[in-house]
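Visitor: Could you take me through one part of this structure slowly, at the level of individual residues? I would like to know what surrounds it and how it sits against its neighbours.

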Amino acid sequence: MEISKNDISDFSHNIDLLINNGEYSKVLELTIKKINICEYNADLFFNIIFILIRHCKIEEARKLLRLLEEKLSETHTIVYLYALIAFESKDFDESIKKLEYSIKKFKHFMNEENMFAVYQILALSYSNKFNPEKAGESFLMASLFAKRLEEKTECDSCYLFYSNYLSDFSDKYLYNEHLKYHDFFNDIKKFEQKIIIKNKIKIN
């Protein structure tokens with residue numbers, strides 16, 4: 001059953017109100033009812049699950065995701081959300097497992113934004129596992145898929161940080177990588193303060 005645009009709008013408005021009021025049990029109840037009558041608006045439900053994760057309502061998010069998974073075939077978004085739930089639950093081994101699986105199985109179906117999101121959480125997972133080699137490697141991959149300069153420079157900065165812990169990289173290599181990082185800022189105009197000389201005020 002397809003949800004009409006008006007129905008989507010009303011449903012989203014009600015969900016927003018409930019979330020703003022902190023009524024997460026009602027969010028869960030209302031969304032379950034909607035999922036049970038509709039299988040074709042997955043993005044709408046994925047967004048609600050993501051919002052629940054962001055609000056640290058992990059069990060509610062997990063319950064909705066399992067219900068949605070029963071109605072859909074496995075997708076990279078479902079695997080990513082499971083990985084995100086694991087990450088927020090500090091189960092970094094599980095988040096790494098899910099994300100590595102997603103890259104292996106779905107990389108040809110994911111766009112650059114998807115790949116960036118996957119590698120970003122993978123890098124943070126490895127970082128929390130104190131694995132500098134894998135963390136650096138994942139931050140570098142995230143940088144390659146990043147579209148915004150802020151995202152790219154942040155990931156490259158993390159990659160350079162972890163590279164300093166690896167004996168495989170020579171000082172010359174690290175120096176050249178830092179020069180590449182510096183190139184990101186070539187087009188940014190430096191702030192120049194204008195000095196305004198004011199005439200002294202004479203007080204008689």
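**A close look at helix 5**

Guide: Happy to, and please keep in mind that this is a predicted model. Let's start where two helices meet: from helix 4, Ile 58, Ala 61, Arg 62, Leu 65, Arg 66 and Glu 69 make contact with Ile 78, Leu 81, Tyr 82, Ile 85 and Glu 88 of helix 5. Sorted by class, the residues of this contact are seven nonpolar and four charged, with no polar ones. The axes of the two helices, helix 4 (residues 58–71) and helix 5, come within 11 Å and cross at roughly 160°. Since angles over 145 degrees count as roughly antiparallel, helix 4 and helix 5 are therefore roughly antiparallel to each other. Their crossing is left-handed.

Now to helix 5 itself. Its 13 residues reach 18 Å from the first C-alpha to the last, close to the 18 Å expected at 1.5 Å a residue. Of these 13 residues, 11 are buried, so helix 5 is largely enclosed by the rest of the structure. Among the buried ones are Val 79, Tyr 80, Ala 83, Leu 84 and Phe 87.

His 76 deserves a moment of its own. This residue lies in helix 5 (residues 76–88), and its relative accessible area of 17% makes His 76 buried. Leaving aside residues up to four places away in sequence, His 76 touches Ser 102, Phe 106, Phe 109, Met 110 and Asn 114. Beyond the other end, helix 5 is followed by Lys 90, which has a positive phi near 65°.

Methods:
Residues numbered from 1 in each chain as written. Predicted model: local features only at pLDDT ≥ 70, side-chain atom pairs only at ≥ 80, totals over all residues. Heavy atoms only, no water. Helix = DSSP H or I, 4+ residues; strand = E, 2+ residues; numbered from the N terminus. Buried < 20%, exposed > 50% of the residue type's maximum accessible area, 1.4 Å probe, protein only. Contact = heavy atoms within 4.5 Å. Axes fitted to C-alpha atoms, helices over the stretch in contact; angles between N-to-C directions. Parallel < 35°, antiparallel > 145°, perpendicular 65-115°, else oblique. Left-handed = near helix turned anticlockwise from the far one by under 90°. Nonpolar A, V, L, I, M, F, W, Y, C, P; charged D, E, K, R; others polar. Expected span 1.5 Å × (residues − 1).
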